[in-house]
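The sequence and the model come first, and the description follows.

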There are 2 protein chains.
Amino acid sequence: MDIAVEVIETSSLGDRSYLASDGQVAVVVDPQRDIDRILALAADRGVRITHVVETHLHNDYVSGGLELSRVTGAAYVVGAGDEVGFERLAVRDGDELRTGGLSLRVLETPGHTHHHVSYTLQDATTGDVRAVFTGGSMLFGSTGRTDLLGPEHTDALTHAQYHSVRRIAAELPGSAEVLPTHGFGSFCSATPTSGHASTVEQQKTGNPALTLAEQEYVDTLLAGLEAYPAYYAHMGVINTRGPAPVDLSPPRPVDPGELRRRIRQGEWVVDLRDRTAFAAGHLAGSLAFELSTNFVTYLGWLYQYGTPLTLIGESEDQVAEARRELVRIGIDDLAGAATGELAVLADGRPLRSYPVADFAALAAARKERAIHVLDTRRNDEHAQSHVTGSQHVPLHELADRLDEIPEGELWVYCGSGYRASIAASLLDREGHQVVLINDDFDHAAESGLT
Amino acid sequence: MDIAVEVIETSSLGDRSYLASDGQVAVVVDPQRDIDRILALAADRGVRITHVVETHLHNDYVSGGLELSRVTGAAYVVGAGDEVGFERLAVRDGDELRTGGLSLRVLETPGHTHHHVSYTLQDATTGDVRAVFTGGSMLFGSTGRTDLLGPEHTDALTHAQYHSVRRIAAELPGSAEVLPTHGFGSFCSATPTSGHASTVEQQKTGNPALTLAEQEYVDTLLAGLEAYPAYYAHMGVINTRGPAPVDLSPPRPVDPGELRRRIRQGEWVVDLRDRTAFAAGHLAGSLAFELSTNFVTYLGWLYQYGTPLTLIGESEDQVAEARRELVRIGIDDLAGAATGELAVLADGRPLRSYPVADFAALAAARKERAIHVLDTRRNDEHAQSHVTGSQHVPLHELADRLDEIPEGELWVYCGSGYRASIAASLLDREGHQVVLINDDFDHAAESGLT
């Protein structure tokens, strides 16, 4: 039996979905909200999706599973432990799902969530175990974080996670491929993952749940947990109730007058262009969320759900791509979008701008005058190393701590320039005189700033 | 420029949808509710759908256009005249839509509905008109019916239809392909259509709106209008409000006890199997709607929307296919489905059955004894010819006229046996002693019965 498993990457969230097939029928695991990618892949391979399975109710994205199952006529498979607001095929430990030459066996693996399940993938004819879809349990050199359901559950879930990962290692052949949903930069991973493929055997020497004693694993995991995006709070609710179907259609076009009015009303008008283009010229009061890898993580982290949101993009394609990212975390209703030349969108009014610099320039400038420097990275990054004399306000706390930021020239940095550009736009909107340090933090040490 | 237009047939409704593409981008015209077929075709051809266009708010099916546009990120294009409950790109006469090498021009063609539009398809580079999507205006040798919006509008719409079809013929080159949505058995066609392809030039000699004088066309069309399926009344409402996304996922399984309880409560339990299999053995109180070409038309015609509906199928595939047909007309919520051996589903209780015969057998039996014969065809069919001495109750009136049906042996016929089998099951449920004439009506004359 020829069983193929294909990966559908969602690199902006550090997540993977899977399509496993025998050439005729297919099973989809943990699909993201934008199901068109899965549908296109299945059509391209000429396979019919008969089952859509979830390893857990996700906290970092809105699932596309419900809609995918409905559009394709597939059974929608969810662990029986979770009470949900939609029809599904509820499965328990030991249940088997068969379709064509594929068989999936359910393994209850609590830890990342209470009712998390993994699915082993077997050849239905021979029973050979090919792989295991581990969701947020066994990751590549890590495990799924255990604090997303609230601090009162974290300790118990961490112990459960340890035993779940150990159970996977004990019950499955070493040759089985490990196919996790999280990792690859996902905040759902307790610690950074390593590599892009692994077998169960390889994890035995590289996974903390398999190399450490239980309490050591628990202590290490808990000590390493850092802040996660605030938008996570909304995902469980949406996924439990049953997400509304996706809407990727183009936002309503807005004209310069409407842009101005929306900004004046304190709404979010988000500029998707390159951070240096934004620095060189932008609408007063607009916010810089460059459309690159971390766009949706940080926009979701800072955005108050329900606030009217309007996009500015350099093209309709850029707006479409941003919309795709936003619906993945349940930001469905956009007030509209504008594209084209900034000068046109400004309707004759002056654009705002601020300088862009690097750490070397900061070092040089500091020799001449006193400069206030703002570090917008997370606590763990700041604790490792930071620019001497800098003020530290993590980006996700900035909006609530604006009164701590002094007047005058203000240089803003992060690890790469991405978060700093968001912070700079927030501060620019407040009238601060900002300079964006668009540079890799490694260069701070090289410039003698740390 | 290589422009390809592909047809997506929905033969159960006599409708066509289209996918036009230049090899890179595509426009979809009048998609049915089950959008997976369109998505698979687009993926197979490797094209991106940028526009989904409607010729009108449909009265015979629930549109998949809104969901298709949302899943794909395409613009959703609807004639500006119709007030609708969703975001769309509203277009008016003369508007042009461009995508890749394709251009669509909007032609307001009222008649089938007030705000019906057609779209000419041009090569965007050369301006050459390749085809025209005529929806329910110019059909193959016919025109769309004009009485679906109520009798008070019919006369004006019929005159409008005449001028719309004439306008298409006058403004477009004779070589343009005519690509209608209705025909092919659709009740949306005023009269039966002929053929499966046509140019504008060919219609000039074969379309009543182009060969007849205006009043003659109007009189002929009005005289030919027959009853249309009652479910049409729901479609306009659903399409105007914006249809809910499709749900093709498997219905909940029901067991024999639940089947019995649902039948006892007077709910609809519909048996999808072959009409002769039903006659040979079925659950007492279940209804025969064989899953073949006319399934959804007649089920929709007789069904009271909102009544709990449970399916019995010989396989899960058969249930899935029935569900697909039902969602096309907005029957979304199924109480459940049962599959497998009837004897098992009957749970030990006796099956009911009735004899199957043909017109020759009726002729023979009539020579021996008095037999009551029921004609379940439409008025126009009955007027043309019928079995001498038969009672005539069109199928769609039967449920309201059961008190007119006498006791005793009752032979039931229609044009082919399909409608008669539905009628027989309705009468069997009431305790009548029925015989199903499963035969082509042509054989009635051959047997000397007319």
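With which residue does A:Arg324 form a salt bridge? The partner of A:Arg324 is A:Asp34, and the closest N and O atoms of the pair are 2.8 Å apart. A salt bridge here is a side-chain nitrogen of Lys or Arg within 4 Å of a carboxyl oxygen of Asp or Glu. Helices (H or I, at least four residues) and strands (E, at least two) are DSSP runs, numbered from the N terminus.

This is a predicted model, in which local features need pLDDT of at least 70 and side-chain atom pairs count only at pLDDT 80 or more, while totals for chains, interfaces and linings use all residues. Residues are numbered from 1 along each chain as its sequence is written, chains are lettered from A and ligands numbered from 1 in the order in which they are written, and side-chain values use heavy atoms, with hydrogens and water left out.

**Salt bridges**

Over all chains, the structure holds 62 salt bridges. Side chains of opposite charge can pair when their charged atoms come close. A:Arg324 is buried, with a relative accessible area of 15%, and A:Asp34 is buried at 1%. Buried means under 20% relative accessible area, exposed over 50%, and partly exposed in between (1.4 Å probe, protein chains only). The pair also belongs to a network of salt bridges that links A:Asp34, A:Asp36, A:Arg37, A:Arg324, A:Glu325 and A:Arg328.

| Residue | Partner | N to O distance |
|---|---|---|
| A:Asp123 | A:Arg130 | 3.4 Å |
| B:Arg378 | B:Asp380 | 3.0 Å |
| A:Asp247 | B:Arg70 | 3.2 Å |

In the pair within chain A, A:Asp123 is buried, with a relative accessible area of 2%, whereas A:Arg130 is partly exposed at 30%. In the pair within chain B, B:Arg378 counts as buried at 18% relative accessibility, and B:Asp380 is partly exposed at 31%.

**Where the chains meet**

How many residues of chain A are in contact with chain B? There are 23 of them, in contact with 23 residues of chain B; contact means heavy atoms within 4.5 Å. The two chains bury about 1,600 Å² between them, with 60% of it on carbon and sulfur atoms. Buried area is the accessible area (1.4 Å probe) that two parts lose on being put together, summed over both. On the side of chain A, the residues that lose the most area to chain B are A:Ala43, A:Arg70 and A:Val71, together 29% of what that side buries.

Two salt bridges cross the interface of chain A and chain B. Four residue pairs, both residues at pLDDT 80 or more, are in polar contact between the chains. A polar contact is a pair of N or O atoms within 3.5 Å; within protein, one must be able to donate a hydrogen and the other to accept it, and residues adjacent in sequence count only if both atoms are side-chain atoms. The elements that give two or more residues to the side of chain A that touches chain B are α1 and α2 (65-72) of chain A. Of these, α2(A) gives the most, with five residues.

**Domains of chain A**

The domain assignment of chain A gives domain 1 (4-241), domain 2 (256-346) and domain 3 (356-446); such bounds come from an automatic or database domain assignment. The centres of domain 1 and domain 3 of chain A, taken over C-alpha atoms, are separated by 38 Å.

**Places in chain B**

In helix α13 (residues 359-368) of chain B, the residues B:Phe359, B:Leu362, B:Ala363 and B:Ala365 are buried. Their cover includes β19 (372-375), β21 (409-413), β22 (433-437) and α17 (442-446) of chain B.

B:Thr158 lies in helix α3 (residues 151-171) of chain B and counts as buried at 0% relative accessibility. The side chains of B:Thr158 and B:Thr146 are joined by a polar contact of 2.7 Å.

B:Arg88 sits in the loop between β5 (75-79) and β6 (89-91) of chain B, where B:Arg88 counts as partly exposed at 28% relative accessibility. A polar atom of the B:Arg88 side chain lies 3.0 Å from the backbone oxygen of B:Asp82.
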